[in-house]
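The sequence and the structure come first.

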Amino acid sequence: QHDHLGGVTYGRAFAVDGAGRRTEIERAFDGSSIRLVVPEEFLANATLPLTVDPPISTFLSGPITGDATSPDITYSGLAERYFVCWEEITSSLNSDVYLTSFSRAGNGGTVRAIEMGSLVWQAPRLAYIPGGNRLLVVAQVRGPVEPTDKTLRGQLAASVTGVPLGSSFLISNSDASPRFDPDVGGTNRTAPTSNHFLVVWSRTGSTGTVNLVGRVIDWTGAPVTGVQTISSAFGV
């Protein structure tokens, strides 16, 4: 998949003989080509001609009007859809974040604006939890109501429709240390109360070192833990 032009999907492969008998066949990718293996038993009893049919389709990521960057993707098992978020550079002073979805066949859904106001959202990342059927988009943020390059914010969205849920919220603490390179993952439990997101990011310390920090967020967007240091002084 290209960062902003779209992608190609390669579906399950089948072999069909002249009598209409059908079997799924093995697929293997070696880094440069795809190898298809028809079972020997099926071949031995096949009626010719034999057809190998791997469905292939292409799709466009979304109606992008500016320069798109920093894409991320996750899969919602409930909706059986892939969700993609990205940063769209709308001017020299602003970047917005959008979210869309695709079916397993590559059919696109509605594009939703996660943030398209005066705040500058950059480097978005995306995760899904089944309990509560929620997506969480996190990004590093700067703008008129945020210290420059110093905070992280999150926005929940429904995993079936992609519609944002409520307002965005602050994830990081507010002090003089810049935050950047966020990432997010989710647990795989069905009960909403036991489902959490883990958000991690880099934070510049007072001596110029970089610390890896994070915190746990629940399915409503409320913090479960405070900001905790995972690894300290791992870079300069």
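Asn133 counts as partly exposed because its relative accessibility is 30%, which falls between the 20% limit for buried residues and the 50% limit for exposed ones. The model is a predicted one, and Asn133 sits in the loop that runs between β12 (120-129) and β13 (134-143). Its phi is near 50 degrees, a positive value in a residue other than glycine. Most residues other than glycine have a negative phi, and most peptide bonds are trans.

Ser70 also has a positive phi, near 55 degrees, and is not a glycine. Ser70 belongs to strand β8, which covers residues 67-76. A further backbone feature is the cis peptide bond between Leu48 and Pro49, where omega is about 5 degrees. Pro49 is located in the loop between α1 (40-44) and β6 (51-53).

| Site | Angle | Value |
|---|---|---|
| Ser70 | phi | near 55 degrees |
| Asn133 | phi | near 50 degrees |
| Leu48 and Pro49 | omega | about 5 degrees |

Which residues form a nonpolar patch on the surface? The patch is made of Phe29, Ile34, Leu36 and Val52, and together these have about 340 Å² of accessible area. Val52 is part of strand β6. Is Val52 partly exposed or buried? Val52 is partly exposed, because its relative accessible area of 38% lies between the limits of 20% and 50%.

For the chain as a whole, the secondary structure consists of one helix and 19 strands. Of the 236 residues in the chain, 38% are buried. The accessible surface of the chain comes to about 12200 Å², and carbon and sulfur atoms account for 52% of that area. Among contacts in the chain with a separation of 6 or more, 45% are between residues 24 or more positions apart.

Confidence remains to be described. The chain has a mean pLDDT of 83, and 84% of its residues reach 70 or more. Over residues 1-5, pLDDT stays under 50. For residues 1-5 the model has 13 contacts beyond four places in sequence. Where pLDDT is low, the predicted coordinates should not be read in detail.

Methods. Residues numbered from 1 in each chain as written. Predicted model: local features only at pLDDT ≥ 70, side-chain atom pairs only at ≥ 80, totals over all residues. Heavy atoms only, no water. Helix = DSSP H or I, 4+ residues; strand = E, 2+ residues; numbered from the N terminus. Buried < 20%, exposed > 50% of the residue type's maximum accessible area, 1.4 Å probe, protein only. Patch = residues over 30% accessible without salt bridge, like charges linked within 9 Å, V, L, I, M, F, W, Y side chains within 5 Å. Areas by Shrake-Rupley, 256 points an atom, 1.4 Å probe, with all protein chains shown as cover. Salt bridge = Lys/Arg side-chain N within 4 Å of Asp/Glu carboxyl O. Contact = heavy atoms within 4.5 Å. pLDDT = per-residue confidence, 0-100.
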